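Please look at the sequence and the structure shown below, and keep both at hand while reading the report that follows.

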Amino acid sequence: MGGGCRGITRRRWRRPDLSSGPYDARSRITGRHGGRRRGTRQYRVAVAFGHESRPATTEPAHDHVGGLMSAEAHAGGARFQEGVVVDAHVHTTDYLPAFATSVYRWATRRTVPPLFFLDQLASAGVDAVVANAVGDRAATAWWGRPPWRAVEEQLRRIRVQAERAHVVLATSAVQVQQAFDAGRMAIVLGLEGGDGIGMHLSRVDELFRWGVRLLIPVHLRDNRIGTTCLPWNRYLGIPSPFRGRRRGLTEFGGAVIDRMNHLGMIIDVSHSDAATLHGIADRSRSPIIASHSGARRVEEFARFLDDNEIRAVARTGGVVGLWPYHYKGHGAADLDALMRHARYIADLVGPSHLCLGTDINGVPGMLAGYRGEEDVRVIAARLRSAGFSQDDTEKIMGGNFMRVFAEVAPHEGSSS
Ligand SMILES: [Zn+2]
């Protein structure tokens with residue numbers, strides 16, 4: 001996409017491999033966090049954003065208890081780690097109208113996990129989620145209105161659900177951290193499928209104004225931005241003989257990436273095919289993520305990433321999300337299989353490039369032993385028993401995503 005050398009020179013900062021601990025190595029490199037005591041809120045805020053982005057409090061938030069935070073120290077009450085826990089990819093029930101949700105859930109009733117609502121976040125110990133509207137026709141066609149209006153309506157409903165659940169709508173990492181420090185849960189708005197953008201670059205700005213901070217450019221269909229790794233019909237086993245050339249990131253798609261970089265929105269390459277993913281990785285000046293994915297070398301599945309794709313995401317400073325999806329023989333079958341993805345990706349690019357994206361409410365089936373958001377803690381526990389340190393586990397469960405979010409959208413301060 002003519003972005004070869006530009007991709008290198010425009011990138012701000014190459015990620016050091018922080019293998020010894022989440023922030024110590026970086027602290028040494030930048031020297032920014034000297035004098036901050038580890039385990040204090042002040043320290044966490046400073047390191048989470050790579051700079052002291054707001055007035056730091058003077059008192060330690062709480063004491064360490066064997067690396068875990070004592071439950072009563074946080075209003076959430078169900079904490080299982082000290083730092084912010086982030087699920088980088090969920091859906092609320094609002095991406096389909098109620099009758100369509102019923103049809104979908106009836107059709108998948110044998111495998112679909114129980115419904116998830118935002119008011120369950122606190123008891124699950126999950127501090128922040130990226131809640132996604134769905135922008136391709138598989139979802140927007142059900143709404144009986146133009147696709148872009150369907151996206152707007154979905155986002156409105158997510159905001160309403162968040163408000164009713166007393167969940168903060170966060171548009172920056174600072175706001176997620178502020179919510180966390182106040183004992184509140186937070187959502188970040190996302191859109192999965194940029195199909196409704198059409199050829200209107202101004203709609204990227206519109207998304208930003210609506211509070212959306214993450215876009216998955218390509219979902220289940222090829223669109224004006226790029227091409228998908230797995231079209232909707234092939235999920236269902238229906239072949240697509242007349243599919244056009246997989247052209248990767250388009251010229252217009254390149255402009256979308258530039259605009260997202262400029263505004264400060266996270267680019268999520270989940271569902272992009274290899275050509276689109278590499279096009280985006282070369283083009284983007286900010287870290288990119290694949291919020292719900294896995295390693296192709298662990299399982300040959302079109303939705304997983306090969307080594308070059310994982311390296312491309314990591315090179316931007318971004319993260320690949322562990323995804324407990326399992327349906328019709330595809331995806332990690334159990335927690336052991338999920339840990340094999342974690343280990344493989346960590347060995348390839350380092351644990352600083354892992355996160356978690358459960359896709360709850362968005363998938364017809366989950367792996368054995370994972371029933372819903374309340375089991376996010378089970379994944380954390382499994383990471384520990386699979387040999388990840390407490391620090392690495394906390395990064396995977398939230399710290400890494402927060403680092404990316406802070407770098408992508410660094411300028412937005414206090415909440416509205
Ligand atoms: Zn998805």
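Histidine 166 counts as exposed, because 11 other C-beta atoms lie within 10 Å; by definition a residue is buried if 20 or more other C-beta atoms lie within 10 Å of its own, exposed if 12 or fewer, and partly exposed in between, with C-beta atoms placed from the backbone. Histidine 166 sits in the loop between helix 7 (147-164) and strand 5 (168-169), and it has a positive phi of about 60 degrees although it is not a glycine. Helices (DSSP runs of H or I, at least four residues) and strands (runs of E, at least two) are numbered from the N terminus.

Asparagine 361 is also not a glycine, and its phi, near 70 degrees, is positive. Asparagine 361 belongs to the loop between strand 11 and helix 15, and it counts as buried because it has 25 C-beta neighbours inside 10 Å.

## The model and its confidence

This is a predicted model, in which local features need pLDDT of at least 70 and side-chain atom pairs count only at pLDDT 80 or more, whereas totals for chains, interfaces and linings use all residues. Residues are numbered from 1 along each chain as its sequence is written.

The protein chain has an average pLDDT (the predictor's confidence in each residue, from 0 to 100) of 83, and 78% of the residues score at least 70. Over residues 1-76 pLDDT stays under 50. Where pLDDT is low, the predicted coordinates should not be read in detail.

## The chain as a whole

The protein chain contains 16 helices and 11 strands, and 50% of its 416 residues count as buried. Two residues are in contact if their C-beta atoms, placed from the backbone, lie within 7 Å; among contacts between residues at least 6 apart in sequence, 72% join residues at least 24 apart.

## The largest nonpolar core

A nonpolar core is a set of buried Ala, Val, Leu, Ile, Met, Phe, Trp, Tyr and Cys residues joined through C-beta atoms within 7 Å. The largest one has 105 residues, of which Ala128, Ile187 and Val313 touch the most other members. Helix 16 gives the largest share of this core, 8 residues.

When its neighbours within four places in sequence are left aside, valine 313 has several contacts, including Val269, Ala281, Ile288 and His353.

## Helix 15 against helix 16

Helix 15 (residues 376-385) and helix 16 (residues 390-408) pack at an angle of about 145 degrees with their axes 9 Å apart, where axes are lines fitted to C-alpha atoms, for helices over the stretch in contact, and angles run from 0 to 180 degrees between N-to-C directions. On the side of helix 15 the contact is made by Ala380, Leu383 and Arg384, and on the side of helix 16 by Gln390, Thr393, Ile396 and Met397. These residues divide into 4 nonpolar, 2 polar and 1 charged, where Ala, Val, Leu, Ile, Met, Phe, Trp, Tyr, Cys and Pro count as nonpolar, Asp, Glu, Lys and Arg as charged, and the others, Gly among them, as polar.

Proline 364 lies in the loop between strand 11 (354-356) and helix 15, and it counts as partly exposed because 18 other C-beta atoms lie within 10 Å. Proline 364 and arginine 105 are 259 residues apart in sequence, yet 7.9 Å apart in space, C-alpha to C-alpha.
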